[in-house]
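Let's take a walk through this model, strand by strand. Have the viewer open and follow along.

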Amino acid sequence: MTTNRLPRKATVLLAGLVLAALAGCGAADKGTPEALGSGGPAKPVKAVPAAPPGLAGMPPLLAPDDVYAADRPNKLSPVVKNFPSRVYVPNTSSNTVSVIDPATYKVIETIPVGIQPQHVVPSWDMKTLWVNNNRGHTLTPIDPATGEAGKPVEVHDPYNLYFTPNGKYAIVMASMDKELVFRDPHTMDRVKTVPVTCFGVNHADFSADGRYFIVSCEFSGELLKVDTEKMEVIGQQKLPFEGAMPQDVKVSPDGKTFYVADMMAHGMWVLSGDAFDTPKLLPTGKGCHGLYVSRDSREMYVSNRGEGSISVFDFKQNRLTKKWDLPDGGSPDMGGVSADGKVLWLSGRYNSEVYAIDTTNGEQLARIPVGSGPHGLAVYPQPGRYSLGHTGIFR
């Protein structure tokens, strides 16, 4: 019987020659691989530069071009979704916190706290609200699940409170002490004290990558740039306006621009955080004070405390598009946006009241009497995965 079977060695050799020939078909020009189904070379793939690494331990942004992507309407974290919706108002001169039910626009409780409460600040893990008792040198914790106040924690000169984006530290803005104090975010034990040479550190916001934050110094008209990880001041500049009094600080959705409210320059300072260049002034209204981003990241609400108005800034258009005047005036100060994005809540600092404003048309929905000297109120809960502090900066 005859057979056509090749010897084993010949079979292996033949298979190797076939594979080599097939590999050679696509290897004539390694720079232009053949596109499937095209019969010709594919377009070269454009290299995408890797994003610079952010602060170690910081949760990655949900969208590289929007630091507020986690703050969409009613997108509540499982941590806070069962908390009752409330507005917590620190009354600086009454040493109390008024608790408002936003559904009825009524004060439902008044909580005694320490001396001169300035801001109500959500913790990084969003489980606690900290009342900053500035002259009482304490922080009063409030459980947002029950509304009950806990035992005050001794913290010297807590004018305002922030948290690093990785949740590693709390940062106390010790305004009169001229210090930035990095503390344990749970026990509030002091970790590192950073003395500053400016006067009145009060507000801040972080870069998109969390590696630095910009701080306003109210009483000397200056700005600081602080390295988050090293806990060191790496930049300082005087604002180009005699008598400047910078207040709230907010970063743009794309993370490229910082805005700083100035109550004496009557507008927002605009600058690059990375370059920390000389800022330019955008006039908004008398007593420009608080800055709050809309739930769709398209606009920013700017409270003008000295004239009873709110200016609306469009990020994409890079300009002011609207101004809403409060009926009968007022002193709109600090606050926040409701979870659904439909209501802007602001304290009336010199009128012992709180304003609820429709974000679609600027209509005043309510004017609610509270204690004396209402200041940094917190709307809670709000969308987001973690809190950077103040009255609610969520990422």
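Before we look at any sheet, a word on pairing: two strands count as paired if DSSP finds at least two bridges between them. The strands themselves are DSSP runs of E with at least two residues, numbered from the N terminus. What you're looking at is a predicted model, so to speak with its own entry rules: local features need pLDDT of at least 70, side-chain atom pairs count only at pLDDT 80 or more, and totals for chains, interfaces and linings use all residues. Residues are numbered from 1 along each chain as its sequence is written, and side-chain values use heavy atoms, with hydrogens and water left out.

With that in hand, go to strand 25 and strand 26 (residues 343-348), which run antiparallel and are joined by four bridges.

Within it, strand 15 (residues 222-227) pairs with strand 16 in the antiparallel sense over six bridges, and Leu-224 stands opposite Gln-236 of strand 16.

Which cysteines form a disulfide? A disulfide here is a pair of cysteine sulfur atoms within 2.5 Å, and the structure holds one. The pair is Cys-198 and Cys-217, with their sulfur atoms 2.1 Å apart. It ties together distant parts of the chain, 19 residues apart: Cys-198 lies in the loop between strand 12 (190-195) and strand 13 (201-206), while Cys-217 is in strand 14 (residues 212-217). The link of Cys-198 and Cys-217 is left-handed, with -50° about the S-S bond. Both Cys-198 and Cys-217 are buried, meaning under 20% relative accessible area, with exposed being over 50% and partly exposed in between (1.4 Å probe, protein chains only). Elsewhere, Cys-288 counts as buried because its relative accessibility is 0%.

Last stop: strand 5 (residues 129-133). Why is strand 5 largely enclosed by the rest of the structure? Because five of its five residues are buried. Leu-129, Val-131 and Asn-133 point one way from strand 5, Trp-130 and Asn-132 the other way, and all are buried.

Strand 5 has partners to look at, too. Strand 4 (residues 117-122) runs antiparallel to strand 5, with four bridges joining them, and Pro-122 stands opposite Leu-129. The two form a hairpin with six residues between them, and Met-126 in the turn has a positive phi of about 70°. Strand 6 (residues 138-143) is also antiparallel to strand 5, joined to it by five bridges, with Thr-138 of strand 6 opposite Asn-133. In the hairpin of strand 5 and strand 6, four residues lie between the strands, and His-137 takes a positive phi near 55°.
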